[in-house]
Amino acid sequence: MGSALPHDLRCDHRTTPLGVAGAPLLAWRLEGADPVAYQVEIDDLWSTGRVDDPAAISHLYDGPRLRPRTRHTWRVTLWDAAGSTSSAESWFETAHDAWTASWIAPDPDAVEHVDPPTEGDRALSAHGLLPCPQLRRSFQVPSAVTAARLYVSAKGLYDARINGERAADAELAPGWTDYRRRIPYQVHDVTRLVGEGENVLAFTIADGWWSGFTGFDPRRPGYHYGRFPELIAELHLTLANGSARVVMTDGTWRTAQGHIRHGDLLKGECHDLRAATPGWDSPGFDDSSWTPVTVRGADHHLLVPSCDEPVRALRELAPLSITRTGPRTHLVDFGQNLAGRVRLAVPAQDPGTRVTVRHGERLEDDGGLHTANLRTADATDVLITAGGEALFEPRFTYHGFRYAEIDGLESLGEVRAVVLHSDTRWTGAFECSDPEINQLQSNIEWGQRGNFVSVPTDCPQRDERLGWMADAQVFLPTACLNADVAAFFTKWLHDVRDAQTPEGGFPNVAPRLTGVAEEGAPGWADAGVLVPWHLYEVYGDARFLDVDSMGAWVDFVLRHNPDLIWRQRTGPHYADWLAPGPATPREVVATAFFHRSADLTARAARVRGRHADAERFERLAADIRTAFIKTFAHPDGTVSGDTQTGYLLALAFGLLPSSLAPGAARRLAELVHEHGPQAGFLGVNLLCPVLSATGRPDLAHALLRRTDPPSWLYQVRHGATTVWERWDGEGAPSMNSFNHYAFGSVGEWLYSGVAGIGQARGSVAYRDLVIRPLPGDLTWARASYESVRGRIAVSWERTSQGFLLDVSVPPGASATVHLPDGQTHRVPSGDHHFASVRGDTP
Ligand code: BGC
């Protein structure tokens, strides 16, 4: 098997990040033999020395404070039992710690007067949206440049250019946070773009989440955080002669409106090429007619380095079909519901020709675009041509769509859908013998792509796209298998904590917007506890566990509900949202989550060594459980309300004693057998896991393969390419999204149930695996998962020789393998083959 090999080195859950703040977590994945010890070194600065820990896959830096804006090379060395060593190297760069640049923007008084954004019946070009300002500065560099770093952020969105080229591949940067609490900046390596002589640093800025349309509140559709976008940037140059130079935003910059007449996340974007300013971002351009910018202050205290990867354009789809639907109208079907935008090559036209691109997830019966479910999100991009050929791609908007209707052209040039999402590396793969389940897996993955856009959103198409917390919480286990979302959720947990009220209340949505209720609902707000705990279990990084924040939430609920049944301060109590069956009583849902949050806070306190807190929350969790049993559980194991979600929550959260749990499990099975799935957002992720854990994997499989509504495969049979908001896709168009991932949370069970990749209770970072494939009547399945420790893979097949199973266990881990015939094997790391010749059912 060779020696113990470290690979895929990461710093704070990212590969070679720029802008690392504080003490980073240095991590590696394992291949080959089990390690027995490790050593981590940074340059010649610091070393852990040899640490005898066979389980280690990371080390939290504990050396002297690192210098800002410095590249550090780090190395990890592993020893195996035979005494051989192997090393791997990577690097990271530390953050900026002393900004001096100013926030700049066009003079707001000089901007044509506009009314605040409204939803009135005004033309699209109105809505109160303003042209996107261009800002530029030319500067001289006396010698060659050996390193150039651009530190940049915006209140709004920015697109950076240097000497005529895009300076970064980040889209919709700096991303969305509650900008009243923190404003992330990015660091871009722009060394190859800057040289001796005249250089130009140029930006376009747009409203984005800062001042554009965000969410659905009709009273405040825009201006959630500010009125006009602003920019801040510092370009740090290291010159060949050894000197340094900084170019920064200040009063010397000049600005003008350009061809982007507006760019809004929900409304769409308009380019008027007749207003273009060619060469504006390159040397030699005469900007004497441009106006000086206004300096809007130099407050840096909210600036923080981004801790996640930005949104990027990560793939392109060619159309499946293009249909001419009118003399100058085409309907393009990309064959996949996605989030992103259309890039269109436009052949030469008469100047002033107007090309309109509208987007929709579906078609109406008459073949037209279905846009009713977009609500007030116009999702309409407009190009006004200047005569010659043009390439049109919006920059400051994105849409959720499968179809695009392009109006205004007799013939189209190349058309592509550009897929945008936060760049989370894909780590999982699942496939089985049923092609419809494989389509479901694909739908789940596309739902994840389309809804991980800077924050985890509910949907990418309508005027919502908010960081709804229950949606994120129920989908998280699936998300963690499909992709490495550690950095993405590190960032979002900042948003969640920023949104916590002084009283301890977590919200419904994070980042917080104005006009959205203060505390969240049961199962929504609780994501502030459930999400960090799950991330800790998957990634092993205890920094996810902010015990003060988690405990403040539990204490908040406790303060208002001293009798331990959660009835008061339930926010807008969404209960088991969109459950197709009878409603689960609100207090059952709420009290189950109260218990879950207290229980996980206790466990988090243990991990962080806060034993007194741990004991207090353990006692509280036990008392809530007692109150739950007394109030809602009956001697035959039934739970008040007698609903699937009631049983799912009670069983999954360990609320019932062993005398009652079997009765509850039996009743759950009866209800599932009789009605199919009746769970809404808060129960759906638990359906298959609880059924299989309570001895009814047959029913879990029956649900998975069911094709009548409500069911997952009903959606697949009806052409879904992403998971729908409602089980059956029926309902008022104003709330009927076709890309909502909550019901896709069954994805976790495809890996953990069907394929059988799971962690033992109490295991963290996949140290102790449970491999328990549940074949149902499928003939084969395989799944792989690039865990934080290394690769886990399972492949099984029913053959004439019986049930054959191959398992790969990463170094430093071990696994208990359960075969469907009841055999159990305990195995170390490595590749293992099993066969059960005695038939494959117990
Ligand atoms: C969103 C959800 C969210 C819910 C709260 C909806 O409008 O789209 O996904 O969780 O509101 O009930």
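## Charges over rings

Arginine 71 sits over the face of tryptophan 91, 3.5 Å from the ring centre. Arginine 449 does likewise with tryptophan 426, at 4.6 Å from the ring centre. "Over" here means that NZ of Lys or CZ of Arg is within 6 Å of the ring centre and within 35 degrees of the ring normal.

This is a predicted model, where local features need pLDDT of at least 70, side-chain atom pairs count only at pLDDT 80 or more, and totals for chains, interfaces and linings use all residues. Residues are numbered from 1 along each chain as its sequence is written, and side-chain values use heavy atoms, leaving out hydrogens and water.

## Rings in pairs

How many aromatic pairs does the structure hold? There are 36, counting rings of Phe, Tyr and Trp (its six-membered ring) with centres within 6.5 Å. The rings of tryptophan 28 and tyrosine 38 have centres 5.4 Å apart and planes at 45°, so this pair is tilted (under 30 degrees would be stacked, over 60 edge-to-face).

Tryptophan 28 and tyrosine 38 are both buried, meaning under 20% relative accessible area with a 1.4 Å probe, protein chains only. Elsewhere, ring pairs join Phe452, Phe475, Phe488, Phe489, Trp492 and Tyr741 into a cluster.

Methods: Buried < 20%, exposed > 50% of the residue type's maximum accessible area, 1.4 Å probe, protein only.
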